[in-house]
Amino acid sequence: MASHSMADTFAKRATQLREYIFSQPTSTFENNPWAVANAIDEFAESQGRMMIFKKAKLDVAQAQLVAQQPAPRTILEFGTFVGKSAVAWGAVLRDIHGENVPEDVNVYTFEVDPLMVSLSRDLIKLAGLQDVVHVLEGPASESLKKLHAEGKVASVDMAFFDHWEEFYLPDLQLIEDLKLFRVGSLAIADNTDFPGAPDYLKYVKAGGRGVAGSVKYESQSFTTESQPSKPSIVEVSNVVAI
Ligand SMILES: C[S@@+](CC[C@H](N)C(=O)[O-])C[C@H]1O[C@@H](n2cnc3c(N)ncnc32)[C@H](O)[C@@H]1O
């Protein structure tokens, strides 16, 4: 959970990022999701203190999505923040399915902080992804239950965990309980090394609940950089049986 001073820093960064992007000509970003994602990366590099999913890690996840069969149609993201990874997932889906992304191809991204909800929605719209990437405000578990009850999400190709680490495991198990995974689905998690999500990591490395009829995972830790005490691992867990 972010402390008050960190929350203040993130709020300040969000306001500065809005100014940085929207002070540039709209034509730089309009209908160009990768330009928006790259500009957020550049801003984060220059300012620091931005908890975004960095490019090297995104490359790992993107390779998994591009190789996934059948091709991914539904992505859940836990933790939107300013919308960097949400825009990137939309860009990846657009690269896979073409510019006119079919109606049943969607990213649902969950965020509790209204300031981040507002900024991420504006950046998603600027990128031309408003019909593909949907930001749901409130606790992720509640939003997911609602989406499921409304029949909007019946199957999940990739779930990305990047919110507060204590929620990774319960939210993964919620997806299991709602029976949203298929064989070949992916659970991808950031920050399992730092600050760490030990219960989640133990669970996916053990292959899941380990009882008959439960989701079974094969899990691999990808290392992307080697700076000490910097989060560098992306945990990729494949659903291999149900
Ligand atoms: C690490 S940031 C997400 C970064 C984002 N994925 C990116 O790469 O641009 C984590 C975000 O998760 C949000 N969050 C934390 N717990 C949450 C929960 N239970 N439900 C929804 N959002 C949550 C926080 O407010 C914060 O903005």
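Is R209 buried, partly exposed or exposed? R209 counts as partly exposed because its relative accessibility is 36%, where buried means under 20% relative accessible area, exposed over 50% and partly exposed in between (1.4 Å probe, protein chains only). The model is predicted: local features need pLDDT of at least 70, side-chain atom pairs count only at pLDDT 80 or more, and totals for chains, interfaces and linings use all residues. Residues are numbered from 1 along each chain as its sequence is written, and side-chain values use heavy atoms, with hydrogens and water left out.

The side chain of R209 meets that of E176 in a salt bridge with an N to O distance of 2.9 Å; the term denotes a side-chain nitrogen of Lys or Arg within 4 Å of a carboxyl oxygen of Asp or Glu. E176 belongs to helix α7 (residues 168-177) and R209 to the loop between α9 (198-205) and β6 (216-223), so the pair ties together parts 33 residues apart in sequence. Helices (H or I, at least four residues) and strands (E, at least two) are DSSP runs, numbered from the N terminus. E176 is buried, at 6% relative accessibility. The count of salt bridges comes to 13. Among them, a network links K146, E150 and K152. E150 pairs with K146, the closest N and O atoms being 3.2 Å apart, and with K152, at 3.2 Å from N to O. E150 is partly exposed at 40%, whereas K146 is exposed at 53% and K152 is exposed at 51%.

Twelve aromatic pairs are present. Rings of Phe, Tyr and Trp (its six-membered ring) pair if their centres lie within 6.5 Å; planes under 30 degrees apart count as stacked, over 60 as edge-to-face and the rest as tilted. The ring centres of F10 and F81 are 5.5 Å apart and the planes are at 80 degrees, so this pair is edge-to-face. F10 lies in helix α1 and F81 in the loop between β1 (74-78) and α4, 71 residues apart. Both F10 and F81 are buried. For F161 and Y168, a centre distance of 6.0 Å and a plane angle of 40 degrees give a tilted pair. F161 is buried at 0% relative accessibility, and Y168 is buried with a relative accessible area of 0%. Ring pairs join F161 and Y168 with F78, F110 and Y200 in a cluster.
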